[in-house]
Amino acid sequence: MADTLLLRALKGQPKNLNLSSKNLNQVPKAIGRLSCVTNFQLKNNKLRDLPREISGLVKLTVLNLGNNCFEELPEHLATLHSLEKLHLFGNQIKSIDAKILGDLRNLTFLNLNNNQIKTVPSAINRLVSLQYLSLDGNQLTSLPSEMCALSKLTEFHAAGNQLTSLPLEIGFLVKLSRLHIQKNKIKELPEGLGKLIHLEIVDVAANEIRIFPTEMHKLPLKELYSEENPLLDALPVHSIQEEEILTLKEISARYIMKELKDRRKMVKYGDKVFYEENPAWSYMRRAIRHYPNIRDMLAQASKCALCGSSFLNTWLECVRFVDGHKDLKLSNSPGRIPVRALLCSYKCFNTPGHEFYGIAFP
């Protein structure tokens with residue numbers, strides 16, 4: 001039947017070719033003569049491989065191989081350099097060949113849902129045009145940091161896996177607008193999530209998340225799904241504050257960062273107040289140039305959510321509760337969202353009038 005359909009197609013030189021649900025075990029070799037085809041549908045068959053002649057489809061931009069019997073990426077996919085959309089959902093793929101991926105540089109859409117994939121190769125970063133990536137229903141336990149080099153990615157799906165975390169470098173996915181990672185085992189979202197200034201939809205339902213990153217409430221979110229997570233709640237408990245003991249490294253770092261921040265200092269002469277350049281600021285600026293390791297270390301500093309002072313280590317982790325509808329302007333209503341806040345000291349925490357709560361761990 002497929003051969004008959006191809007013979008008919010050869011006469012018409014079609015752009016769209018549909019051989020879905022034809023019970024095919026293999027694609028007829030005559031396919032290589034249809035160089036005019038741009039959209040090829042082969043879903044719902046019994047295919048395990050593609051013939052070498054598929055490379056004759058030099059104009060092919062859309063290929064649907066969903067619901068077949070592939071156990072790996074077909075070797076001859078690498079010859080389809082014009083390919084933009086690739087569907088491989090519902091197969092038995094266990095691994096992704098990095099070499100084949102590297103040759104699909106025009107790919108903008110990749111659907112690998114419902115396979116048996118355990119790892120994503122670092123070569124995923126070679127899909128420089130990729131905008132949509134879906135890996136739902138696989139066996140992933142982690143994602144490579146190289147994935148965060150996909151600067152054009154706008155939508156990412158990895159629901160129903162066994163992920164325990166996301167790459168710390170996720171903040172480099174600067175165009176990401178939709179993130180769907182529900183039904184995993186993620187305990188904590190990286191702080192880099194707060195850098196995704198185009199993020200509008202986040203689904204983290206059915207994970208193990210207790211608190212959201214510090215900048216989460218500043219994102220332009222429209223929808224947030226967080227049900228079935230053990231989120232923190234505002235329940236009063238008795239606690240004892242331990243005496244603050246800062247390391248010499250922490251004290252020195254805080255002093256340097258304060259002096260670098262205060263370029264001008266206030267000087268009072270009689271009843272008049274003047275501002276002049278802080279001599280310590282000039283000295284620190286000159287001196288720190290000779291210590292790149294210290295400069296890099298200070299660049300990783302955090303700021304106190306209350307007083308704005310810089311510090312190296314998380315001295316006091318707190319939480320503030322934001323209203324999903326009122327504060328985040330979400331179209332759905334997830335209720336109160338616990339957002340992490342970092343304070344520099346108990347002195348700040350004990351300042352009256354703020355909305356931060358200490359976190360009690362069981």
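**Around S134**

Which residues is S134 in contact with, once its neighbours within four places in sequence are left aside?

Let's start with the list: S134 touches L110, N111, L112, N113 and H157, where contact means heavy atoms within 4.5 Å. Before going on, please keep in mind that this is a predicted model, in which local features need pLDDT of at least 70, side-chain atom pairs count only at pLDDT 80 or more, and totals for chains, interfaces and linings use all residues. Residues are numbered from 1 along each chain as its sequence is written, and side-chain values use heavy atoms, with hydrogens and water left out.

Strands (E, at least two residues) are DSSP runs, numbered from the N terminus. With 1% relative accessibility, S134 is buried; the label applies under 20% relative accessible area, using a 1.4 Å probe and protein chains only, while exposed means over 50% and partly exposed lies in between.

Then look at N113: the side chains of S134 and N113 make a polar contact at 2.6 Å. Such a contact is a pair of N or O atoms within 3.5 Å; within protein, one must be able to donate a hydrogen and the other to accept it, and residues adjacent in sequence count only if both atoms are side-chain atoms.

Finally, turn to H157, which sits in strand β7 (residues 155–157) and is buried at 11% relative accessible area. Beyond four places in sequence, the contacts of H157 include S134, Y132 and H180.

**A loop residue**

Is L130 buried or exposed, and where does it lie?

Begin with position: L130 is in the loop between β5 (109–111) and β6. Its relative accessibility is 0%, so L130 counts as buried. Now follow the chain: L130 and L150 are 20 residues apart along it, yet their C-alpha atoms are separated by 6.8 Å. L150 is also one of the contacts of L130 beyond four places in sequence, together with L107, T108, F109, L110, K152 and L153.

**Strands β15, β16 and β17**

What is the strand order of the open sheet of three strands?

The order is β16-β15-β17, with antiparallel pairing; two strands pair if DSSP finds at least two bridges between them. At the edges stand β16 and β17 (357–358), each pairing on one side only.

Now zoom in on one pair: eight bridges join β15 (residues 316–323) to β16. Two partners to check on screen are F321 with P338 and E317 with L342. As for burial, seven of the eight residues of β16 (residues 336–343) are buried, so this strand is largely enclosed by the rest of the structure.

**Cysteines**

A disulfide requires a pair of cysteine sulfur atoms within 2.5 Å, and the count comes to zero. C344 is buried, at 7% relative accessibility.

**Cavities**

How many cavities of 30 Å³ or more does a search of the whole structure find?

The search finds two. A cavity is a set of points on a 1 Å grid over the protein atoms alone where a 1.4 Å probe fits but cannot get out, and lining residues have an atom within 4 Å of a point. Grid points are joined across faces, edges and corners, and a volume is the space filled by probe spheres set on the points. The largest cavity has a volume of about 50 Å³, and its lining includes L143, M147, C148 and F156. Of these, C148 is buried, with a relative accessible area of 3%.

Methods:
Helix = DSSP H or I, 4+ residues; strand = E, 2+ residues; numbered from the N terminus. 1 Å grid on protein atoms, 1.4 Å probe; cavity = no way out; pocket = protein on both sides within 12 Å on 5 of 7 lines; lining within 4 Å.
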